[in-house]
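The structure under study is shown below.

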Amino acid sequence: MEKMSSYDLLIQKLDQFIRKFYLNRLIKGSLYTVGIVLALFLAFTLLEHNFYFDKGIRKVFYYSFLGASLGTLGYFVLIPLLKYFRLGSVISHEQAAGII
């Protein structure tokens with residue numbers, strides 16, 4: 001097998017760093033999502049338990065919980081997952097070198 005040039009080796013290592021960067025963001029985003037969804041669930045449950053809201057307020061709580069859960073899942077998990085598989089725009093090699 002041929003030896004890789006220094007430039008090719010550098011690009012390969014930058015690509016590995018970019019994948020690890022997005023994997024790290026995916027893991028961190030998963031933890032943020034679980035934390036936010038759990039906090040919202042506990043807050044809405046405790047509010048409902050203490051104040052016995054009527055049907056309209058419970059509907060607002062449900063849809064806001066659903067929207068916030070899907071929003072955090074999309075922002076913190078799906079976007080880094082897509083970028084991990086290089087779907088969409090990812091950071092450039094120059095930006096990755098600047099992070100390093």
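I note that the model is predicted.

**Backbone.** I looked up phi, since most residues other than glycine have a negative value. R86, which is not a glycine, has a positive phi of about 60 degrees. I located R86 in the loop between helix 2 and helix 3 (93–99). R86 counts as partly exposed because its relative accessibility is 39%, between the limits of 20% and 50%. Y52 also is not a glycine and has a positive phi, of about 50 degrees. I found Y52 in the loop that lies between helix 1 (6–51) and helix 2 (55–84). With 64% relative accessibility, Y52 is exposed, as the cut-off is over 50%.

**Aromatic pairs.** I recorded 10 aromatic pairs in the structure. One of them is the edge-to-face pair of Y32 and F76, with 5.6 Å centre to centre and 65 degrees between the planes. This pair joins distant parts of the chain, as Y32 belongs to helix 1 and F76 to helix 2, 44 residues apart. I noted Y32 as partly exposed at 45% relative accessibility, and F76 as partly exposed at 23%.

I then examined F51 and F53, a tilted pair with 5.9 Å centre to centre and 40 degrees between the planes. F51 is exposed at 54% relative accessibility, whereas F53 is partly exposed at 23%. F51 and F53 belong to one aromatic cluster with F44 and F61.

**Charge over a ring.** I lastly checked R19: its charged end sits over the ring of Y84, 4.3 Å from the ring centre.

Note on methods
Residues are numbered from 1 along each chain as its sequence is written. This is a predicted model: local features need pLDDT of at least 70, side-chain atom pairs count only at pLDDT 80 or more; totals for chains, interfaces and linings use all residues. Side-chain values use heavy atoms; hydrogens and water are left out. Helices (H or I, at least four residues) and strands (E, at least two) are DSSP runs, numbered from the N terminus. Buried means under 20% relative accessible area, exposed over 50%, partly exposed in between (1.4 Å probe, protein chains only). Rings of Phe, Tyr and Trp (its six-membered ring) pair if their centres lie within 6.5 Å; planes under 30 degrees apart count as stacked, over 60 as edge-to-face and the rest as tilted. A charge sits over a ring if NZ of Lys or CZ of Arg is within 6 Å of the ring centre and within 35 degrees of the ring normal.
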